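Here is a short briefing for a first look at this structure. Keep the sequence and the 3D view open while reading.

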Amino acid sequence: MKRIARILTLALIVTFLLTLPISAVELPIRVVVNGTKINFPDAEPFIDENSRTQVPIRFVGEALGADVSWDGNTKKVTITLNGKKVVLQIGNKNYEVNGQQKQMDTVALLKESRTFVPVRFVSEALGATVKWNANIRTVYIDMNGDVAPSPEPTGGTVKYYDGIAFNDVTDVDQYGRIKVDKLKEFLLKLADQLRFVKENGKYYIECTYPEIPEGYKWSLGITIYNKDGTNDGYSPVGRNPEWLIPAKGSFKKEATVVTDIKNVKLFNIVISLDHVETGSLGILNIVYYMDKSEMRAKFVPESGIIPSENYSETFDFNKMFQW
(Lines give C-alpha, C1' and ligand atoms only; values in the text may rest on other atoms or scores of the structure.)
Protein backbone atom coordinates (compact mmCIF):
# COMPACT_ATOMS: atom_id res chain seq x y z
CA MET A 1 0.00 0.00 0.00
CA LYS A 2 2.80 2.40 0.90
CA ARG A 3 4.56 1.51 -2.33
CA ILE A 4 1.49 2.39 -4.44
CA ALA A 5 1.00 5.62 -2.52
CA ARG A 6 4.61 6.60 -3.10
CA ILE A 7 4.35 5.86 -6.81
CA LEU A 8 1.16 7.86 -7.21
CA THR A 9 2.68 10.78 -5.31
CA LEU A 10 5.71 10.72 -7.58
CA ALA A 11 3.41 10.63 -10.59
CA LEU A 12 1.65 13.80 -9.44
CA ILE A 13 4.99 15.54 -9.09
CA VAL A 14 6.03 14.37 -12.53
CA THR A 15 2.73 15.51 -14.04
CA PHE A 16 3.09 19.12 -13.00
CA LEU A 17 6.86 19.59 -13.02
CA LEU A 18 7.98 17.91 -16.22
CA THR A 19 7.50 19.66 -19.54
CA LEU A 20 8.44 17.29 -22.32
CA PRO A 21 7.91 17.38 -26.08
CA ILE A 22 5.90 14.74 -27.44
CA SER A 23 4.29 8.64 -31.13
CA ALA A 24 4.65 2.40 -31.49
CA VAL A 25 5.63 1.60 -27.94
CA GLU A 26 8.95 -0.14 -28.17
CA LEU A 27 12.40 0.29 -26.82
CA PRO A 28 14.07 3.34 -28.37
CA ILE A 29 17.09 2.73 -30.55
CA ARG A 30 20.34 2.96 -28.64
CA VAL A 31 23.77 3.67 -30.08
CA VAL A 32 26.91 2.52 -28.25
CA VAL A 33 30.25 3.86 -29.50
CA ASN A 34 33.43 2.24 -28.20
CA GLY A 35 31.47 0.93 -25.22
CA THR A 36 29.77 4.20 -24.31
CA LYS A 37 26.08 4.84 -24.86
CA ILE A 38 25.42 8.03 -26.83
CA ASN A 39 22.79 10.48 -25.56
CA PHE A 40 20.75 12.34 -28.16
CA PRO A 41 19.34 15.48 -26.51
CA ASP A 42 16.98 16.68 -29.23
CA ALA A 43 16.63 14.11 -32.04
CA GLU A 44 16.42 10.33 -31.66
CA PRO A 45 17.73 7.62 -34.03
CA PHE A 46 15.09 5.77 -36.05
CA ILE A 47 14.73 3.02 -38.64
CA ASP A 48 13.81 4.39 -42.04
CA GLU A 49 11.57 2.94 -44.76
CA ASN A 50 14.55 1.00 -46.16
CA SER A 51 15.12 -0.71 -42.78
CA ARG A 52 18.28 1.28 -42.20
CA THR A 53 19.12 2.87 -38.85
CA GLN A 54 19.42 6.63 -39.21
CA VAL A 55 21.33 8.59 -36.57
CA PRO A 56 22.08 12.28 -35.97
CA ILE A 57 25.65 12.27 -37.30
CA ARG A 58 26.94 15.12 -35.16
CA PHE A 59 26.74 13.18 -31.89
CA VAL A 60 27.97 9.86 -33.28
CA GLY A 61 30.76 11.51 -35.24
CA GLU A 62 32.02 13.38 -32.21
CA ALA A 63 31.89 10.20 -30.11
CA LEU A 64 34.08 8.50 -32.72
CA GLY A 65 36.48 11.43 -32.62
CA ALA A 66 35.64 12.53 -36.15
CA ASP A 67 35.29 16.04 -37.54
CA VAL A 68 31.80 16.74 -38.91
CA SER A 69 31.07 19.70 -41.18
CA TRP A 70 27.92 20.82 -42.97
CA ASP A 71 27.53 22.82 -46.18
CA GLY A 72 24.05 24.30 -46.26
CA ASN A 73 24.35 25.43 -49.88
CA THR A 74 25.08 21.97 -51.30
CA LYS A 75 23.34 20.13 -48.45
CA LYS A 76 26.41 17.98 -47.97
CA VAL A 77 27.83 16.61 -44.73
CA THR A 78 31.51 15.69 -44.51
CA ILE A 79 32.94 13.36 -41.86
CA THR A 80 36.72 12.96 -41.56
CA LEU A 81 38.58 10.56 -39.27
CA ASN A 82 42.09 9.07 -39.37
CA GLY A 83 42.72 10.12 -42.95
CA LYS A 84 39.32 8.93 -44.20
CA LYS A 85 36.80 11.34 -45.63
CA VAL A 86 33.14 10.52 -46.15
CA VAL A 87 30.81 12.92 -47.98
CA LEU A 88 27.04 12.48 -48.16
CA GLN A 89 24.40 14.68 -49.72
CA ILE A 90 20.86 14.93 -48.42
CA GLY A 91 18.49 12.83 -50.52
CA ASN A 92 21.26 11.24 -52.62
CA LYS A 93 22.05 7.52 -52.55
CA ASN A 94 25.53 8.20 -53.93
CA TYR A 95 28.26 9.12 -51.48
CA GLU A 96 32.05 9.49 -51.49
CA VAL A 97 34.76 7.75 -49.52
CA ASN A 98 38.15 9.39 -50.06
CA GLY A 99 36.94 10.67 -53.41
CA GLN A 100 35.63 7.32 -54.63
CA GLN A 101 31.96 7.10 -55.57
CA LYS A 102 29.87 4.55 -53.74
CA GLN A 103 26.15 3.86 -53.46
CA MET A 104 23.86 2.88 -50.60
CA ASP A 105 20.27 1.67 -50.55
CA THR A 106 18.94 4.66 -48.62
CA VAL A 107 19.71 8.36 -48.25
CA ALA A 108 20.84 10.88 -45.69
CA LEU A 109 18.11 13.31 -44.67
CA LEU A 110 17.21 16.35 -42.61
CA LYS A 111 14.85 15.88 -39.69
CA GLU A 112 14.15 18.02 -36.64
CA SER A 113 16.91 20.42 -37.73
CA ARG A 114 19.44 17.59 -37.58
CA THR A 115 21.37 15.76 -40.30
CA PHE A 116 20.60 12.05 -40.16
CA VAL A 117 22.82 9.49 -41.91
CA PRO A 118 22.59 5.69 -42.24
CA VAL A 119 24.92 4.68 -39.47
CA ARG A 120 26.27 1.44 -40.93
CA PHE A 121 27.46 2.93 -44.23
CA VAL A 122 29.17 5.87 -42.59
CA SER A 123 30.73 4.00 -39.67
CA GLU A 124 32.13 1.20 -41.83
CA ALA A 125 33.46 3.77 -44.31
CA LEU A 126 35.39 5.30 -41.41
CA GLY A 127 36.84 1.91 -40.52
CA ALA A 128 34.58 1.00 -37.59
CA THR A 129 32.92 -2.34 -36.89
CA VAL A 130 29.13 -2.16 -36.68
CA LYS A 131 26.76 -4.71 -35.18
CA TRP A 132 23.02 -4.61 -34.50
CA ASN A 133 21.24 -6.37 -31.64
CA ALA A 134 17.55 -6.49 -32.61
CA ASN A 135 16.42 -7.84 -29.22
CA ILE A 136 17.47 -4.67 -27.43
CA ARG A 137 17.42 -2.38 -30.50
CA THR A 138 21.03 -1.34 -30.04
CA VAL A 139 23.70 -0.40 -32.58
CA TYR A 140 27.26 -1.14 -31.46
CA ILE A 141 30.07 0.79 -33.16
CA ASP A 142 33.72 0.18 -32.33
CA MET A 143 36.87 1.55 -33.94
CA ASN A 144 38.92 -1.38 -32.64
CA GLY A 145 36.72 -4.01 -34.23
CA ASP A 146 35.90 -5.41 -30.80
CA VAL A 147 32.12 -5.26 -30.69
CA ALA A 148 30.20 -7.53 -28.36
CA PRO A 149 26.51 -6.61 -28.64
CA SER A 150 25.33 -9.81 -27.00
CA PRO A 151 27.87 -10.87 -24.39
CA GLU A 152 27.61 -14.39 -23.15
CA PRO A 153 26.26 -14.49 -19.61
CA THR A 154 28.82 -15.11 -16.90
CA GLY A 155 26.28 -17.15 -14.99
CA GLY A 156 22.61 -17.56 -14.41
CA THR A 157 19.84 -18.78 -16.68
CA VAL A 158 18.26 -16.97 -19.61
CA LYS A 159 14.49 -17.21 -19.91
CA TYR A 160 12.12 -15.35 -22.22
CA TYR A 161 9.10 -13.48 -20.90
CA ASP A 162 6.77 -12.38 -23.70
CA GLY A 163 9.81 -12.10 -25.95
CA ILE A 164 12.05 -10.31 -23.44
CA ALA A 165 15.23 -12.19 -22.57
CA PHE A 166 16.07 -12.10 -18.87
CA ASN A 167 19.15 -13.53 -17.18
CA ASP A 168 18.62 -13.98 -13.45
CA VAL A 169 22.28 -13.15 -12.75
CA THR A 170 23.53 -10.63 -15.31
CA ASP A 171 20.28 -8.65 -15.56
CA VAL A 172 20.16 -7.75 -11.86
CA ASP A 173 22.43 -5.48 -9.84
CA GLN A 174 24.34 -6.27 -6.66
CA TYR A 175 21.24 -5.46 -4.62
CA GLY A 176 19.01 -7.87 -6.51
CA ARG A 177 17.15 -5.18 -8.46
CA ILE A 178 16.47 -5.59 -12.16
CA LYS A 179 18.93 -3.42 -14.11
CA VAL A 180 17.66 -0.20 -15.63
CA ASP A 181 17.84 -1.08 -19.34
CA LYS A 182 16.10 -4.41 -18.81
CA LEU A 183 13.55 -2.74 -16.53
CA LYS A 184 12.69 -0.29 -19.30
CA GLU A 185 12.01 -3.17 -21.71
CA PHE A 186 9.43 -4.65 -19.34
CA LEU A 187 7.80 -1.31 -18.55
CA LEU A 188 7.40 -0.44 -22.23
CA LYS A 189 6.04 -3.92 -22.91
CA LEU A 190 3.23 -3.37 -20.40
CA ALA A 191 2.52 0.09 -21.81
CA ASP A 192 2.14 -1.53 -25.23
CA GLN A 193 -0.58 -3.80 -23.83
CA LEU A 194 -2.61 -1.15 -22.01
CA ARG A 195 -5.63 0.37 -23.80
CA PHE A 196 -8.47 2.78 -23.11
CA VAL A 197 -11.28 1.70 -25.44
CA LYS A 198 -14.92 2.60 -26.02
CA GLU A 199 -17.55 -0.01 -26.88
CA ASN A 200 -21.30 0.49 -27.19
CA GLY A 201 -21.11 3.86 -25.51
CA LYS A 202 -19.16 2.54 -22.51
CA TYR A 203 -15.56 3.22 -21.52
CA TYR A 204 -13.18 0.39 -20.68
CA ILE A 205 -9.61 -0.06 -19.49
CA GLU A 206 -8.01 -3.14 -21.08
CA CYS A 207 -4.67 -4.65 -20.18
CA THR A 208 -2.73 -7.88 -20.46
CA TYR A 209 0.18 -7.92 -18.06
CA PRO A 210 3.36 -9.32 -19.62
CA GLU A 211 4.95 -12.36 -18.06
CA ILE A 212 7.65 -11.46 -15.56
CA PRO A 213 10.39 -13.34 -13.69
CA GLU A 214 9.63 -15.02 -10.40
CA GLY A 215 9.96 -12.69 -7.43
CA TYR A 216 8.70 -9.61 -9.28
CA LYS A 217 5.29 -7.95 -9.33
CA TRP A 218 3.57 -5.28 -11.41
CA SER A 219 2.25 -2.00 -10.03
CA LEU A 220 -0.15 -0.09 -12.25
CA GLY A 221 -1.76 3.18 -11.20
CA ILE A 222 -4.18 5.08 -13.43
CA THR A 223 -5.55 8.48 -12.44
CA ILE A 224 -8.19 10.25 -14.51
CA TYR A 225 -8.40 13.99 -13.84
CA ASN A 226 -11.67 15.78 -14.61
CA LYS A 227 -12.17 19.37 -15.69
CA ASP A 228 -14.11 20.13 -12.49
CA GLY A 229 -11.03 19.40 -10.37
CA THR A 230 -12.03 15.90 -9.23
CA ASN A 231 -10.12 12.76 -10.08
CA ASP A 232 -10.65 8.99 -10.13
CA GLY A 233 -7.88 6.47 -9.54
CA TYR A 234 -7.58 2.84 -10.59
CA SER A 235 -5.08 0.51 -8.96
CA PRO A 236 -4.82 -3.06 -7.64
CA VAL A 237 -5.26 -1.86 -4.05
CA GLY A 238 -8.09 -0.01 -2.33
CA ARG A 239 -11.42 -0.55 -0.63
CA ASN A 240 -13.79 0.51 -3.38
CA PRO A 241 -14.25 -2.31 -5.93
CA GLU A 242 -15.36 0.25 -8.50
CA TRP A 243 -11.75 1.40 -8.82
CA LEU A 244 -9.95 -1.91 -8.36
CA ILE A 245 -8.02 -3.48 -11.21
CA PRO A 246 -6.08 -6.78 -11.16
CA ALA A 247 -2.31 -6.85 -10.63
CA LYS A 248 -1.66 -9.69 -13.10
CA GLY A 249 -3.21 -11.62 -15.96
CA SER A 250 -5.66 -9.87 -18.30
CA PHE A 251 -8.58 -7.62 -17.48
CA LYS A 252 -11.22 -5.43 -19.07
CA LYS A 253 -12.50 -2.94 -16.54
CA GLU A 254 -15.47 -0.68 -17.22
CA ALA A 255 -14.71 2.86 -16.13
CA THR A 256 -18.18 3.49 -14.73
CA VAL A 257 -17.15 6.87 -13.33
CA VAL A 258 -16.75 8.17 -16.88
CA THR A 259 -20.17 9.12 -18.28
CA ASP A 260 -19.16 12.00 -20.54
CA ILE A 261 -15.68 11.95 -22.03
CA LYS A 262 -15.91 15.72 -22.55
CA ASN A 263 -15.52 16.11 -18.78
CA VAL A 264 -12.12 14.33 -18.74
CA LYS A 265 -9.08 16.58 -18.74
CA LEU A 266 -6.11 14.21 -18.59
CA PHE A 267 -4.76 10.76 -17.75
CA ASN A 268 -1.77 10.08 -15.54
CA ILE A 269 -0.38 6.53 -15.61
CA VAL A 270 2.41 5.06 -13.51
CA ILE A 271 3.86 1.64 -14.30
CA SER A 272 6.36 -0.08 -12.05
CA LEU A 273 7.94 -3.52 -11.93
CA ASP A 274 9.19 -4.25 -8.41
CA HIS A 275 11.09 -7.04 -6.80
CA VAL A 276 9.10 -8.02 -3.74
CA GLU A 277 12.15 -7.59 -1.51
CA THR A 278 14.48 -5.12 -3.18
CA GLY A 279 12.11 -2.76 -5.01
CA SER A 280 12.81 -1.07 -8.34
CA LEU A 281 15.10 1.47 -9.96
CA GLY A 282 12.36 3.51 -11.59
CA ILE A 283 8.92 3.90 -13.10
CA LEU A 284 7.34 4.66 -16.47
CA ASN A 285 5.12 7.76 -16.31
CA ILE A 286 2.62 8.54 -19.08
CA VAL A 287 0.61 11.76 -19.15
CA TYR A 288 -2.04 12.43 -21.80
CA TYR A 289 -4.28 15.49 -22.10
CA MET A 290 -7.54 14.88 -23.95
CA ASP A 291 -7.06 18.00 -26.08
CA LYS A 292 -3.56 16.72 -26.96
CA SER A 293 -1.99 19.91 -25.68
CA GLU A 294 0.43 17.72 -23.71
CA MET A 295 1.41 14.11 -24.37
CA ARG A 296 4.45 12.70 -22.69
CA ALA A 297 5.99 9.41 -21.66
CA LYS A 298 9.15 9.18 -19.61
CA PHE A 299 11.21 6.77 -17.54
CA VAL A 300 11.63 8.37 -14.12
CA PRO A 301 14.47 6.85 -12.06
CA GLU A 302 14.35 6.36 -8.31
CA SER A 303 17.86 7.77 -7.98
CA GLY A 304 19.25 11.04 -9.26
CA ILE A 305 22.42 9.30 -10.44
CA ILE A 306 20.41 7.38 -13.06
CA PRO A 307 19.39 9.44 -16.11
CA SER A 308 15.76 9.70 -17.07
CA GLU A 309 14.69 8.73 -20.60
CA ASN A 310 12.09 10.38 -22.80
CA TYR A 311 10.02 8.19 -25.15
CA SER A 312 8.21 11.03 -26.90
CA GLU A 313 9.45 9.91 -30.31
CA THR A 314 8.62 6.23 -29.87
CA PHE A 315 5.27 6.25 -28.11
CA ASP A 316 1.95 5.83 -29.96
CA PHE A 317 -0.56 7.72 -27.82
CA ASN A 318 -3.39 7.09 -30.28
CA LYS A 319 -2.89 3.35 -29.83
CA MET A 320 -3.30 3.57 -26.07
CA PHE A 321 -5.95 6.27 -25.77
CA GLN A 322 -9.00 5.40 -27.89
CA TRP A 323 -11.73 7.03 -25.79
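The points below cover sheets, cores, aromatic rings and a few single residues.

This is a predicted model. Its largest nonpolar core has 49 residues. Across the whole structure, a search finds 18 aromatic pairs.

**The five-stranded sheet**

- Five strands make an open sheet, ordered β5-β6-β7-β8-β9, with antiparallel pairing.
- β5 (67–71) and β9 (100–103) are the edge strands; each has a single partner strand, so one side of each has no neighbour in the sheet.
- On average, neighbouring strands here are turned by 20 degrees against each other, direction ignored.
- Four bridges join β8 (residues 94–97) to β9 in the antiparallel sense.
- Tyr-95 has Lys-102 in β9 as its bridge partner.

- An open sheet of three strands runs in the order β16-β17-β20, and its pairing is antiparallel.
- β16 (194–199) and β20 (250–254) stand at the edges; each pairs with a single strand, so one side of each is left without a neighbour in the sheet.
- Neighbouring strands of this sheet are turned by 20 degrees against each other on average, with direction ignored.
- β16 and β17 (residues 202–208) run antiparallel and are joined by six bridges.
- Phe-196 has Ile-205 in β17 as its bridge partner.
- Helix α4 packs on this sheet and touches β16 and β17. The direction of α4 makes about 5 degrees with that of β16.

**The hairpin of β14 and β15**

- β14 (residues 158–161) and β15 (residues 164–167) pair in the antiparallel sense over four bridges.
- The two strands form a hairpin with two residues between them. Asp-162, in the turn, has a positive phi of about 50 degrees.
- Val-158 stands opposite Asn-167 in β15.

**The nonpolar cores**

- Nonpolar side chains tend to be buried together in soluble globular proteins.
- In the largest core, the residues with the most contacts inside it are Phe-196, Leu-220, Ile-222, Ile-269, Ile-271, Ile-286 and Trp-323.
- Helix α4 (residues 180–192) gives this core its largest share, seven residues.
- Leaving aside neighbours within four places in sequence, the contacts of Ile-271 include Leu-187, Leu-190, Trp-218, Leu-220 and Ile-286.

**Aromatic rings**

- How do the rings of Tyr-161 and Phe-166 meet? Their centres are 6.3 Å apart and their planes are at 70 degrees, so the pair is edge-to-face.
- Tyr-161 is buried, with a relative accessible area of 13%. Phe-166 is buried too, at 4%.
- Ring pairs link a cluster of Phe-196, Tyr-203, Phe-267, Tyr-288, Phe-315, Phe-317, Phe-321 and Trp-323.
- Lys-111 places its charged end over the ring of Phe-46, 4.0 Å from the ring centre.
- The charged end of Lys-252 sits over the ring of Tyr-204, 4.9 Å from its centre.

**An exposed glycine**

- Where does Gly-35 lie? Gly-35 is in the loop between β1 (30–33) and β2 (36–37).
- Gly-35 is exposed, with a relative accessible area of 66%.
- Gly-35 and Tyr-140 are 105 residues apart along the chain, and their C-alpha atoms are separated by 7.8 Å.

How values were computed. Residues numbered from 1 in each chain as written. Predicted model: local features only at pLDDT ≥ 70, side-chain atom pairs only at ≥ 80, totals over all residues. Heavy atoms only, no water. Phe/Tyr/Trp six-rings, centres within 6.5 Å; stacked < 30°, edge-to-face > 60°. Buried < 20%, exposed > 50% of the residue type's maximum accessible area, 1.4 Å probe, protein only. Lys NZ or Arg CZ within 6 Å of the ring centre and 35° of its normal. Pairing = 2+ DSSP bridges. Axes fitted to C-alpha atoms, helices over the stretch in contact; angles between N-to-C directions. Core = buried A, V, L, I, M, F, W, Y, C linked by side-chain atoms within 4.5 Å. Contact = heavy atoms within 4.5 Å.
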